[in-house]
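Keep the sequence and the 3D view side by side as you read. This report starts with charged pairs and then turns to the rest of the chain.

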Amino acid sequence: MSAPGGASEGTTLLLILWVSIAGSDALEMTIFKDQLEVFQGQDVVLDCKVTGYTPAVLNLSFVAVEWRFVSTQRLVYSFNGGFIDALRSGATVTLENLKRGDASLHLPKVQIEEEGEYKCIVYVTPTKAEKSSSVRVLAEPKVTLSERHFTINNGSEGALICDVNRFYPKTHGISWVKVSRGVETEITTGIITQIVVNNSDRTFSVSSKLNIRPTLDDDGNRYRCVVKHRAFSDNFTLEAELTVVVKKPQEPAGNGPGAVIGGVVGLLVIVLLAAAAFCFWKKWTQAPPKITEIHKPTHFIHGQHADLSWEVTGFKPKEIEIVVLLTRKRKQKLKLFVWKITKDENVSCQIEEGVPLVDVKDGCERVNSFTAEPPRCVQLENGTFSVKCLIGFCPDVSVDDGAQMTVKVHHKTLKTSLEKSVKFEVEVPPTMTEIKMPTGIVHGDKVALTWEVNGFNPQAIEIAVLVKRKVDQEAKELFHWQIQKKEKQTIPSDINPSVKETTQVNSFTAEVAKIKQTEKGTFSVNCSVAVCADVSRDNGAEFTVRVKHTAMENPLTGCVTLHVAAPPTITDILLPTDMTHGDCSTLSWSVSGFNPRPIVIAVLLKRGEERTPEKLFYWQTIEKEQPAGNKPVGIPVTSLTRDVSITPSMAVITQGTTGTFGVRCDVTMCADVSRHDGTELIVQIKHEALKGSLKEAKIGTLHVKGVPPKITIPKPRKMTHGERAELQCAVTGFTPG
């Protein structure tokens, strides 16, 4: 945009805006180290900082940030000119730090499924920088020994079991060490380590059993279970101490009558025990299964992977059938999966898939809503069997909300099948549109701030409106909408009593929010707040919307800053009643009550019948020269004419207590009757609040008097009667006109 003085004669600039846009030749980015390790459930900050921009403190209106999970290109967090969208619950970027180039992402309570590569993208208009780095999630193993002190008879066999539970990643190591009289020896025989088990929270568990047949020389030995895992800074060790005892020999039986009686009694006992064993043989070779409750997450979030797990345990014989069924709203029951476990020791499970389901295609990495892997059947110490089942579920609110999954267990010991069910209440976190407001808000205008909260389920939601003005230490809550689960379609707004203002003072009024349900079953709310803009109170105020919903751990927020302009006014300019050629006079006037600060004040001269006035000079504020409080600051003037008969002084700008600005202007004019008489002086103002129009004030028509003439008649020479003579007259010292 060219400066006003650079325009050709007659060119009119309708609106001048001064915008400070952050710039950079090349942004440089540093990001957190690759393979950053964080423990499951802990908070983490993913560092991302940029340099190479100007100015030192960024204007966030021209900054955008994106964090993405690279493997799925899923958006984790975004900030764009004041609008925040945290798709990962609890994800935050500190905006105060962002003003200084720090776009680091805070993620609370990191879970295993969040392991992977993250990309940080920062836009500082008009440049962009991006980098990627990866996060590794660790779950520290929980290690226990079956005993810390154990006893085995000399020559008998005993066992020590080391359980390693809830660890991630899967890679691990378990070894056994014997410590005998201070000498450590690694044990390589008598070890049985089970297959690693997948837990419902995506961690792993495994058990290792050490069989020991000690001699008396082994008494006092210590046996160590040594676990190696990435989550440990060093190998983790637990040990148990062995005591070996000698079994006392039985005394030999006598040959007297007591021995005979004892023999008869013993025979009787053997017969009774055999009969009892025969009677209960069938019962002890069969045991009915039990099914645990179906473990599920606290919330089912639309498009977010969840695990469902349960255990069927305590049964024998081994043959069993587990069926998973799904019943969706107004639809028939679907058979999802069937597990059949047979006697064959080499085949742990045979899985049969039921009716295929429609793809979710909404952030879930899996093809279908439900996926399952064949479980393993494990024999317990009491001889019964146990099966752990795990199903992956990626819920879709449009079809899965209100659906019910049922697990049925069929076994030969059961007359009717066992059943456990879980009902899905699928939650969808809301998204919020950008808060819309008109551009060019002028003092006294009544405008609407509107936004939508979309795509959430269940219906219950809380929406609060807060305002922080420049004089406030913290934001004040103005309005509060709270929608209950079974409420009607309109919701009255509640005004917080602690900040309720009188009608004469309060700038903001709220309309009744309206909620509607979409075809997908989610809900949407349209919100509107009207503001009667007051430049002294509302300019620079931060307008914040805060949304709370059960599907989010942290509130969703959106924020805009109000920019209220005030149009300038011009005081009257009094001209001298009479101006005489050559006299010099000072013309003064003030331009006051305007906001924002940028303004152009020009002085024009219109001569006679000319249609287009000549622009003589103009004052233009420089945005960086902001006055501190009421301290006056000079405004330089730019001259466009060689006419030195009208000369301007440096204008002075001040800021009033209401936040508006004022400028005092002075012009010195030395009247020239030939050039100024009958001309018009015009003051012309350009300002944002005038919305493209020009404000003009005519100083008036100048009337300049000329200098009166002087008449001199030279004295004639001596004349003679009747003689013809010439008389001369001289008119001097006058101005034309």
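A search of the whole structure, which is a predicted model, finds 21 salt bridges. Side chains of opposite charge can pair when their charged atoms come close. Three of these pairs are set out here.

| Salt bridge | Closest N and O atoms |
|---|---|
| Arg230 and Glu37 | 2.7 Å |
| Arg469 and Asp538 | 3.2 Å |
| Asp666 and Arg664 | 3.9 Å |

Take the pair of Arg230 and Glu37, with closest N and O atoms 2.7 Å apart. This pair links distant parts of the chain, as its members are 193 residues apart. Arg230 is in the loop between strand 19 (222-228) and strand 20 (236-245). Glu37 is in strand 2 (residues 36-39). How exposed is Arg230? Arg230 has a relative accessible area of 42%, so it is partly exposed. Glu37 has 37%, so it is partly exposed as well.

Now take Arg469 and Asp538, where the closest N and O atoms are 3.2 Å apart. This pair also links distant parts of the chain, 69 residues apart. Arg469 is in the loop between strand 36 (461-468) and strand 37 (476-483). Asp538 is in helix 4 (residues 535-538). Are Arg469 and Asp538 buried or exposed? Both are buried.

Arg664 has 45% relative accessibility, so it counts as partly exposed. Salt bridges can also share partners. Glu184, Arg222, Arg224 and Glu239 are joined into one network in this way.

**The chain as a whole**

The protein chain has 5 helices and 60 strands. Of its 737 residues, 40% are buried. Residues 24 or more positions apart account for 61% of them. The accessible surface comes to about 41000 Å². Carbon and sulfur atoms own 52% of that surface.

**Inside: nonpolar cores**

How many residues are in the largest nonpolar core? It has 59. Leu46, Trp67, Leu105, Leu107, Tyr118 and Val122 have the most contacts inside it. Where does this core lie? Domain 1 (28-138) and domain 2 (142-245) both give residues to it, so the core lies between them. A second core is separate and has 37 residues. Among them are Met432, Val453, Ile515 and Met552.

Find Ile261 in helix 2 (residues 257-284). Why does Ile261 count as exposed? Its relative accessibility is 55%, and exposed means over 50%.

**A buried serine**

Last, look at Ser645. This residue is in the loop between strand 52 (637-639) and strand 53 (646-648). Ser645 has 7% relative accessibility, so it counts as buried. The cut-off for buried is under 20%. Which residues does Ser645 touch, not counting residues up to four places away in sequence? The answer is Thr668, Met669, Cys670, Arg675 and His676.

Key: Residues are numbered from 1 along each chain as its sequence is written. This is a predicted model: local features need pLDDT of at least 70, side-chain atom pairs count only at pLDDT 80 or more; totals for chains, interfaces and linings use all residues. Side-chain values use heavy atoms; hydrogens and water are left out. A nonpolar core is a set of buried Ala, Val, Leu, Ile, Met, Phe, Trp, Tyr and Cys residues joined through side-chain atoms within 4.5 Å. Buried means under 20% relative accessible area, exposed over 50%, partly exposed in between (1.4 Å probe, protein chains only). Domain bounds come from an automatic or database domain assignment. Helices (H or I, at least four residues) and strands (E, at least two) are DSSP runs, numbered from the N terminus. Contact means heavy atoms within 4.5 Å. Accessible areas come from the Shrake-Rupley method with a 1.4 Å probe; for residues, only the protein chains shown count as cover. A salt bridge is a side-chain nitrogen of Lys or Arg within 4 Å of a carboxyl oxygen of Asp or Glu.
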